[in-house]
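Trainee: I have a new model open and I'd like to learn how to read it. Can we go feature by feature?

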Amino acid sequence: MTLIKLRITRFANALPQEATSVNIMRHILKIIRDEYDSGFKNKGEGQQSAHHLGSTTMDDCEDYSKVLPSLKSSLLDNLAEYKVELESSADNIAAQALEHIHANEIILTVGKSSTVEKFLKYAAKSRKFQVVVVEAAPRFLGHLMASNLAKNNIETTVIPDSAVFAMMSRVNKVIIGTHTVLANGGLRAESGVHMVALAAKHYSIPVRI
């Protein structure tokens, strides 16, 4: 337990803007505690939030030094389920594409997102639509995104960031990939997403995240 908590602290200090790896480790810590507690107590006791589990000190915790023979197998089963959940999350999102993308629509996206890319490719299997990709300076990953979509026979256009407002009136909806969704409803995403959201709001264009 001490080793995992030290790893969480190290990750959080080294990459304060990177929430994904820290949250995964906090979730693993929660799995360990839940499985350990269930071996000695009734289910439902000792449940705490993932954030609390990752931020508490060892002085706040119970003694987890007792040997529990069944702990290893239980942890392996739970971690295997969690791994499958993480690996299939993008596919589960892509499977909903046809509910949001309709024929002959013009979709605008920003930069490159593997989740959005898979989402659009899934919809393209049965529907024809156009995609406008904002190049997202200074990394210009929109060019790579457009290239990948074009290889999948999706009609794609790349525009500079400065052309977003002029193009927005022709768009049916905006689909944005995010790196992190925060508890207060905010998000971390590609450079230029805020500008795109403001333009979409001006023209009353729906935004999907």
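This is a predicted model: local features need pLDDT of at least 70, side-chain atom pairs count only at pLDDT 80 or more; totals for chains, interfaces and linings use all residues.

Trainee: Is Glu 117 buried or exposed?

Mentor: The cut-off for buried is under 20% relative accessible area. Glu 117 has 10% relative accessibility, so it counts as buried. Exposed means over 50%, and Pro 69 has a relative accessible area of 75%, so it is exposed.

Trainee: What about strands? How do I read the side chains of β1?

Mentor: The general idea is that in a regular strand the side chains alternate between the two faces of the sheet. In β1, Ile 106, Leu 108 and Val 110 point one way, while Ile 107 and Thr 109 point the other way. Five of the five residues of β1 (residues 106–110) are buried, so the strand is largely enclosed by the rest of the structure.

Trainee: Which strands does β1 pair with?

Mentor: One is β2 (residues 130–134), which pairs with β1 in the parallel sense over five bridges. There, Val 134 is the bridge partner of Val 110. Another is β4 (residues 173–175), also parallel to β1, over two bridges. On that side, Lys 173 stands opposite Ile 107.

Trainee: Last one: how should I think about the nonpolar core?

Mentor: In soluble globular proteins, nonpolar side chains tend to be buried together. Here, the largest nonpolar core has 18 residues, and Leu 108, Met 168, Val 171 and Val 174 touch the most other members. At least two residues each come from β1, β2, α7 (164–168) and α8 (193–202), with α8 giving the most, four residues.

Trainee: What is Leu 108 in contact with, beyond its neighbours within four places in sequence?

Mentor: Its contacts include Val 132, Val 134, Ile 159, Met 168 and Val 196. There is also a second, separate core of 15 residues, and among them are Ala 97, Ala 123, Ala 146 and Ile 175.

Terms used:
Residues are numbered from 1 along each chain as its sequence is written. Side-chain values use heavy atoms; hydrogens and water are left out. Buried means under 20% relative accessible area, exposed over 50%, partly exposed in between (1.4 Å probe, protein chains only). Two strands pair if DSSP finds at least two bridges between them. A nonpolar core is a set of buried Ala, Val, Leu, Ile, Met, Phe, Trp, Tyr and Cys residues joined through side-chain atoms within 4.5 Å. Contact means heavy atoms within 4.5 Å.
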